Amino acid sequence: MWNAIWVFFHKWASPRYFYRLSGAVIPWLWALTLLLLLGGLYLGLFVAPPDYQQGQSYRIIFVHVPSAWMSLFIYTFMAVLSGIYLIWNIKLADVMVRSSAMLGASFTFLALATGSLWGKPMWGAWWVWDARLTSELILLFLYLGYLALVNAIEDTRTAARAGGVLILVGVVNIPIIHYSVEWWNTLHQGATVTKLDKPSIHVSMLIPLLLMAGAFQLYYFSLVLMRARVELLEREWRSEWVREMMGRGSDG
Amino acid sequence: MIKAFIALVRRDLLLAFRHRAEWFNPLLFFGMIVTLFPLGVSPEASVLRVMAPGVIWIAVLLAGLFSLDSMFRSDFDDGALEQMVLSPYPLPLLVLAKVLAHWLVSGLPMLLMAPLLALLMTMPQDGIAMLEWTLLVGTPLLSLTGSIGVALTVGLRRGGVLLTLIVLPLYIPVLIFSTNAVSAAVAGLPMGGQLDFLLALLVLALTLAPFATAQALRISLS
């Protein structure tokens, strides 16, 4: 039983199978992304009623909240993959981490930028040293620090392992940083969706928000798979399977 | 095992003692940064008093980073680090010895110099006492956390700026809790909680950081 799973895992994680499988999946992912995005945008911008306090400008949460969620999700995902890479030495895991980092940084930046745009009419300032904003900014620094480190190391394997350690150190530190900053200062509105008893957000706003979150998630997966394919080709261009594939491609 | 630990600490202290610039220059740097603030912002006592904990702690962070780079550098250059990795002793233990020696050379002198700078910043007596407590708990924490960053960048030709980028975000909790404790002490508020947090972080770093640093060193040497 275990053996079968192990074999399946290895087969799937081998560059060659991954390349083929991801090639087949990507168009479907894009189609789903587009569907959810259009649905979410339509419901969010045209159907959902304006907020009784914040008017129309609250609608930026349909971009802001999903990107903030993604910024956290991607870092966690990278940490899990780094662990897999460091323990089992599966190359594909590092390819995914490497391809994710820039996307994670972009989502973090997007969350900060939209938060700032929303903050101007609401709090009367582009930037407020509020706890969640600050920890998001620190998260951006963590992403950029990772990118700086792996780009500075020339050897791919060393870069992968050093980056993996840094990501894991970061993931231990993120809760500490988050709670210390939270405790230092807080102004941000409390969580409205993940409250356990009953979300304090109306269904007409919750549905587009969840649709957008789904769209962002799928968008990330489609992009990261595309990036991973390019990264794989770049790393493996000397290997047999790439030559075989390319050779066949140029013949046919 | 204890013998190896003590031998390594003694060796590092001896080396630092012979190269006086190694521990003196960061200290000078520490003093200069603090001096810049009254010149740049305001010499007004009321302003200085508010800024003092933050200014001194930020100066500690920066001066600490300045000396951090040398923690493994010379051992890496002359090959001693490889011998340590190959030695029969557990690498995390040796790392701990290096970190202790680094703290004695960089953290402790700053701790001794801080009251003087605090007086220059017109900090009251209670604040200075609290500042010393936070430095006592906080600077080993900086050395431990920083050692991971140094170990990751030691093989790189221009690791200095990179080290700063990697390590500074990890220093933020220390900065927050320490300055908050000192500000609370200046204002006469209870500040046991912040110090407890710092101690908890120190225990956490003491148990985890040497292993991460050892792993990072192995990667850098491979």
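A surface patch is made of residues with over 30% relative accessible area and no salt bridge, where nonpolar side chains (Val, Leu, Ile, Met, Phe, Trp, Tyr) are joined within 5 Å and like charges within 9 Å. The model is predicted, so that local features need pLDDT of at least 70 and side-chain atom pairs pLDDT 80 or more, while totals for chains, interfaces and linings use all residues. Residues are numbered from 1 along each chain, chains are lettered from A in the order in which they are written, and side-chain values use heavy atoms, without hydrogens and water.

**Exercise 1.** Find which residues form the nonpolar patch, and which helix gives the most to the patch.

*Solution.* Next, helix α3 of chain A (residues 61-88; a DSSP run of H or I, at least four residues) gives the most, namely three residues.

**Exercise 2.** Describe the interface of chain A and chain B.

*Solution.* Begin with the contact (heavy atoms within 4.5 Å), which takes 21 residues from chain A and 21 residues from chain B. The two chains bury about 2000 Å² between them (accessible area lost on being put together, summed over both), 86% of it on carbon and sulfur atoms. Salt bridges (a Lys or Arg side-chain nitrogen within 4 Å of an Asp or Glu carboxyl oxygen) number zero between chain A and chain B. Finally, on the side of chain A that touches chain B, α5 (131-152) and α6 (156-184) of chain A are the elements giving two or more residues, and α6(A) supplies the largest share, 13 residues.

Definitions and conventions:
Accessible areas come from the Shrake-Rupley method with a 1.4 Å probe; for residues, only the protein chains shown count as cover. Buried area is the accessible area (1.4 Å probe) that two parts lose on being put together, summed over both.
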